[in-house]
Amino acid sequence: MANVSLTNADAWPSAYRPTGTVVTALSRFPPLDFFRVVRNAVLIVALLLLNKAGTSGAVLFFGIMAIMALKSPQAAFQALALIGLGLMMNTFYVPKTLPWTIGRLALPLLIMVRFAIDASRLRASPFARPHYVAFLLYVFTMAVCSIASGWFTQIALLKLFFFWAYVTAVMVGVAVLRERKIDLTEWFVSLISAATAVGIAAMVMGQSRNMMRLGRRLELFNGALGHSNSHSLYGSMFVLFLATIVVMGTYRRRWIAAPLIVAWLSFMALSASRSSVLATVIGSATLFLMTSQRVRRLGSRLQVNLPRGTQVFFVLAALLGVFAYNAVSGGRVWKAVVEFVNKQEVDETEEVAEIESGDIVGSRKALIELSWRNFLENPVCGIGFGVATTEHFAKNATLFTASTEKGVLATAVLEEGGVLGATAFLCFVAAFYLDMYRQKNLSSIIAMTTFLGSNFGEASFVAAGGMGGFGWVMVGAAMILGDHCWQTQSPP
């Protein structure tokens, strides 16, 4: 059975197969070109660095994003990704001035309207997809719960509206891009390359540990991002997106993704973000499960560049090497693991370093307990979407600045929506998985699982105004990538 190149129209799934000038363009400009990736990465860094000029630079940045939003569906989705990346970028390179407070909320709404118009012209209605209908059910349920709760109802409903608009922009945008056979995988590799370059530059310039909290400098590694814990979402989703390209992508130059994977695994290790490791492990296990040759789609077969046996071999070889080095180095690897998990240096006088289970959940224990108490007090409808009962929230919450910090997604969902909201949430997630598997869009399943895994450290899944919005963008990018993990089967 012949393998067909992506530069040939037959390499595309039948439902998304380009024709005519699209095929000619693919043959002339094959995807994942090294020089195009570098060029795009330089442009992305240049756009983000406009914010170094302060308020005027941020206004120019968002002005360019608005032009991109109006230019084309492809540029609009890119603008959504750039805003999501810039929002959590290291503040030394992307200061968060006043325009960010307005722009990060206004631009996604503009992009949603743009995609809605595109979808109506293409007759690509999101209501035809079960997972979007389930999403609307969840939004409606949370609106009812927020009104019933009565706790900062206006803020809860405004946050819920923005969450609906942001996720709708991603889902409708993906539908439009897939309908037009537009592949953004190369551009997202460029985006990750740009973030990698910023992370390396931060290390060289001494700005990789400049995370600030309550006016005091913390010495944790944050690298390209504004907070070390942001690696739980950004790092893990970057690694799994790139790994999916290497393992399942039909691109000839997929090797470009390999050094980027190494870079972000290194950043995650330096950040001591335990949830980033957990999310990466969960996502990797899902990737392993998805690479079954038994998975079939009508008229095409899954591209598996690294069979399961090869993946297992590499993992076992790596583990053997680690154990061997740990033995000859006097337990250096184990001490590094203990320091990473405990987030503190190991006492050299200790003969055997031990992992302290209390240190693992200590930083989130109080938040988890608070969420659980709020759920027990409001078991049916919860306290409302995106709100909190802390004294700091009650004193400082406004319509445009009402940030909250939750422990883990499970307790946060129960706290905010009670049994009703949690049930609607589970229906939405289940509908997404079933719909994506029915389409055999395996990369989106991997991305969503990684996204959910990152929420074991911090509940960002519904925080579209924060880093959770970028998580949804990466899920959308994975949905587009999912169309490029299959090759048509030649007739007998």
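## Aromatic pairs and helix contacts in a predicted chain

Tyr132 counts as buried because its relative accessibility is 3%; buried stands for a relative accessible area under 20%, exposed for over 50% and partly exposed for values in between, computed with a 1.4 Å probe on protein chains only. The model is predicted, so local features need pLDDT of at least 70 and side-chain atom pairs count only at pLDDT 80 or more, whereas totals for chains, interfaces and linings use all residues. Residues are numbered from 1 along each chain as its sequence is written, and side-chain values use heavy atoms, with hydrogens and water left out.

### Overall composition

The chain contains 18 helices and 5 strands. Both are DSSP runs numbered from the N terminus, helices being H or I of at least four residues and strands E of at least two. Of the 492 residues, 54% count as buried. Among contacts in the chain with a separation of 6 or more, 75% come from residues 24 or more positions apart, a contact being heavy atoms within 4.5 Å.

A pair of aromatic rings is described by the distance of the centres and the angle of the planes. The structure holds 33 aromatic pairs; rings of Phe, Tyr and Trp (its six-membered ring) pair when their centres lie within 6.5 Å, and planes under 30 degrees apart count as stacked, over 60 as edge-to-face and the rest as tilted. One of these pairs is formed by Tyr132 and Phe135, with 5.8 Å centre to centre and 40° between the planes, a tilted arrangement. The two residues lie 3 residues apart in helix H6 (residues 130-149), about one turn of the helix.

Phe135 also forms a tilted pair with Phe428, at 5.4 Å centre to centre and 55° between the planes. Because Phe135 lies in helix H6 and Phe428 in helix H16, this pair ties together parts that are 293 residues apart in sequence. Phe135 and Phe428 are both buried. One aromatic cluster is formed by Tyr132, Phe135, Tyr138, Phe163, Phe385, Phe425, Phe428, Phe451, Phe461 and Trp472.

### Helices H16 and H17

The axes of helix H16 (residues 409-438) and helix H17 (residues 442-454) come within 10 Å and cross at roughly 165°. Axes are lines fitted to C-alpha atoms, for helices over the stretch in contact, and angles run from 0 to 180 degrees between N-to-C directions. H16 and H17 are therefore roughly antiparallel to each other; angles under 35 degrees count as roughly parallel, over 145 as roughly antiparallel, 65 to 115 as roughly perpendicular and the rest as oblique. The crossing of H16 with H17 is left-handed, a term used if the near helix is turned anticlockwise from the far one by less than a right angle, clockwise being right-handed.

On the H16 side the contact is made by Leu409, Val429, Phe432, Tyr433, Met436 and Tyr437, and on the H17 side by Leu442, Ser444, Ile445, Met448, Thr449 and Leu452. These residues divide into 10 nonpolar, 2 polar and no charged, where Ala, Val, Leu, Ile, Met, Phe, Trp, Tyr, Cys and Pro count as nonpolar, Asp, Glu, Lys and Arg as charged, and the others, Gly among them, as polar. Tyr437 of helix H16 is in contact with Leu442 and Ile445, leaving aside its neighbours within four places in sequence.

### Helices H8 and H10

The axes of H8 and helix H10 (residues 257-271) come within 10 Å and cross at roughly 45°; the two helices are therefore oblique to each other. Their crossing is left-handed. Val189, Ile192, Ser193, Ala195, Thr196, Gly199, Ile200 and Met203 of H8 meet Leu260, Ala263, Trp264, Phe267 and Leu270 of H10. The contact residues comprise 10 nonpolar, 3 polar and no charged.

Ser193 belongs to helix H8 (residues 185-204). Not counting residues up to four places away in sequence, Ser193 touches Val37, Ala41 and Leu260.

### Leu287 in helix H11

Leu287 is part of helix H11 (residues 274-290). Its contacts, apart from neighbours within four places in sequence, are Leu240, Ala243, Thr244, Val247, Met248 and Ile446. Leu287 and Thr450 are 163 residues apart in sequence and 9.9 Å apart in space, C-alpha to C-alpha.

### Accessibility of selected residues

| Residue | Relative accessible area | Class |
|---|---|---|
| Phe135 | 0% | Phe135 buried |
| Leu287 | 6% | Leu287 buried |
| Ser193 | 15% | Ser193 buried |
| Tyr437 | 39% | Tyr437 partly exposed |
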